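User: Hi! I'd like to go through a structure together, step by step. Can you show it to me?

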Amino acid sequence: MTIRIHRNMKKYYHCKPGEATNYSITVIKSGSNPTLTASAHIGAMDAANFEQYISERGLNYVAMPADCYSFNMEDLDYSSAETYKIINLQLNTSEIDRFEQTLEEGQTCVLPIMLTSTSDS
């Protein structure tokens, strides 16, 4: 099984079905005044935003269900001294493999991740 992490560049991770695979995501706080506090949310993109994203780009993607992955934290609160947080994404390869077997020809299983600011800092 190959898991592809995609954002401007493609990264491939080979996983064995049945083994949980962990991936670290670094979320950096930045802005004109990095000493301010900040809050954000990271998680799977909601269905409406996902549908809009794939429709506008003509993609044949299918979002994996929630039992295929988990984040160790989704709400991020940064103190004035913090500049980044490391999030752990765990992929349940058995469930991903099971889900991929239900896809139609030409469909691609993806985990659309969305990061949103929940503060104006």
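Analyst: Here goes: three strands make an open sheet in the order 7-4-10, with antiparallel pairing. Strands here are DSSP runs of E with at least two residues, helices are runs of H or I with at least four, both numbered from the N terminus, and two strands pair if DSSP finds at least two bridges between them. This is a predicted model, where local features need pLDDT of at least 70, side-chain atom pairs count only at pLDDT 80 or more, and totals for chains, interfaces and linings use all residues. Residues are numbered from 1 along each chain as its sequence is written, and side-chain values use heavy atoms, leaving out hydrogens and water.

User: How far apart are the closest N and O atoms of Arg 98 and Glu 95?

Analyst: These two are three residues apart in helix 2, so about one helical turn separates them. They form a salt bridge (a side-chain nitrogen of Lys or Arg within 4 Å of a carboxyl oxygen of Asp or Glu). The closest N and O atoms are apart by 2.4 Å.

User: Is Lys 85 buried or exposed?

Analyst: Buried means under 20% relative accessible area, exposed over 50%, and partly exposed in between (1.4 Å probe, protein chains only). With a relative accessible area of 15%, Lys 85 is buried.
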